[in-house]
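Subject: Structure handover

Hi,

Here is the structure we talked about. Please open it alongside this note, which goes through what turned up.

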Amino acid sequence: MKTPLSALIALTLATGFAAAAHAQDAEAGKKKAAMCIGCHGIPGYQASFPEIHKVPMISGQSDKYIVAALNAYKKGERKHPSMRAIAVSLSDQDMADLAAFYAANAGPSGAAAAGATPPAEVAALLTKGNCASCHGDNYSKPIDPSYPKLAGQHADYLYVALKAYQTEGNPQVGRGNAIMAGMAKPFSHAELKKMAGYLASLPSDLKTVPESRFR
């Protein structure tokens, strides 16, 4: 009995997806991370573009979010000259390997712990932005793995990132995510800073795990 063509196509696709899912190689990613550790492997390291802020902690983010972020830099949806230069040099395999390495490279998770209740003003801002609807419980369990964990991330980085979603028409700065732009634009900079400060205070999966040369 012949297998229907539709079943063969489904099997081929499933096999391809399974192969892609197993294509990640965290050990290969560790070797490829040499280009990343000069910023993301130094605790407290600060960038100066577009203003001074700590570089984001990426150890502990999901692999799918890391790939999504790198692709956004590669496509120019996230505007950042140095990150774009790095992203365009990466193949899909490179991104998958790096993502696997950083997703597995977190320190002990603290995200299960309950965070402090936000002040009433901040709670109202978070409700207005509907942040938990995408970023999940305690802002550390996104509903989609391609969304970032926010809890415990550096406040100054979160503030800069949120402002980037408000930016239009700047060839060097800005982020082109329509959903996040709609969420961020109604807020003043002072309000964004308050939300960022609270999110940074929460227990987190996110870490900066120093490479041995920086320990």
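A cavity here is a set of grid points where a 1.4 Å probe fits but cannot get out. Its volume is the space filled by probe spheres set on those points. Keep in mind that this is a predicted model.

**The cavity**

Searching the whole structure for cavities of 30 Å³ or more gives 1. The largest cavity holds about 30 Å³ of space. Which residues line the largest cavity? They are Cys39, His40, Ile42, Gly44, Tyr45, Val55, Pro56, Met57, His154 and Thr208. By type, the lining has 6 nonpolar residues, 4 polar ones and no charged ones.

**Salt bridges**

The count is 6 salt bridges.

Start with Lys32 and Asp94. They form a salt bridge, with the closest N and O atoms 2.9 Å apart. Lys32 is in helix H2 (residues 26–32) and Asp94 is in helix H6 (residues 92–104), so the pair ties together parts 62 residues apart in sequence. Are the two partners buried or exposed? Lys32 has 25% relative accessibility, so it counts as partly exposed. Asp94 has 18%, so it counts as buried; the cut-off for buried is under 20%.

Next is Glu51 with Lys163. Their closest N and O atoms are 2.8 Å apart in this salt bridge. Glu51 sits in the loop between strand S1 (46–47) and strand S2 (53–54), and Lys163 sits in helix H9 (residues 155–166), so this pair ties together parts 112 residues apart in sequence. Glu51 is partly exposed, because its relative accessibility is 30%. Lys163 counts as buried, because its value is 14%.

Then look at Lys185 and Glu168. This salt bridge has its closest N and O atoms 2.2 Å apart. The pair links distant parts of the chain, 17 residues apart. Lys185 is in the loop between helix H10 (178–184) and helix H11 (189–200). Glu168 is in the loop between H9 and strand S4 (174–175). At 38% relative accessibility, Lys185 is partly exposed. Glu168 reaches 60%, so it counts as exposed.

**Lys149 and Asp205**

Lys149 lies in the loop between helix H8 (132–135) and H9. Asp205 lies in the segment after H11. Both residues count as buried, because Lys149 has 16% relative accessibility and Asp205 has 14%.

What joins their side chains? A polar contact of 2.9 Å does. The Lys149 side chain also reaches a backbone oxygen, that of Gly60, at 2.9 Å.

Which residues does Lys149 touch once its neighbours within four places in sequence are set aside? It is in contact with Gly60, Gln61, Tyr139, Ser140, Pro142, Asp205 and Leu206.

**Where to look in the viewer**

- The cavity lining, including His40, Tyr45 and His154.
- The salt bridge from Glu51 to Lys163.

Best wishes

Key:
Residues numbered from 1 in each chain as written. Predicted model: local features only at pLDDT ≥ 70, side-chain atom pairs only at ≥ 80, totals over all residues. Heavy atoms only, no water. 1 Å grid on protein atoms, 1.4 Å probe; cavity = no way out; pocket = protein on both sides within 12 Å on 5 of 7 lines; lining within 4 Å. Nonpolar A, V, L, I, M, F, W, Y, C, P; charged D, E, K, R; others polar. Salt bridge = Lys/Arg side-chain N within 4 Å of Asp/Glu carboxyl O. Helix = DSSP H or I, 4+ residues; strand = E, 2+ residues; numbered from the N terminus. Buried < 20%, exposed > 50% of the residue type's maximum accessible area, 1.4 Å probe, protein only. Polar contact = N/O pair within 3.5 Å; in protein donor to acceptor, adjacent residues only side chain to side chain. Contact = heavy atoms within 4.5 Å.
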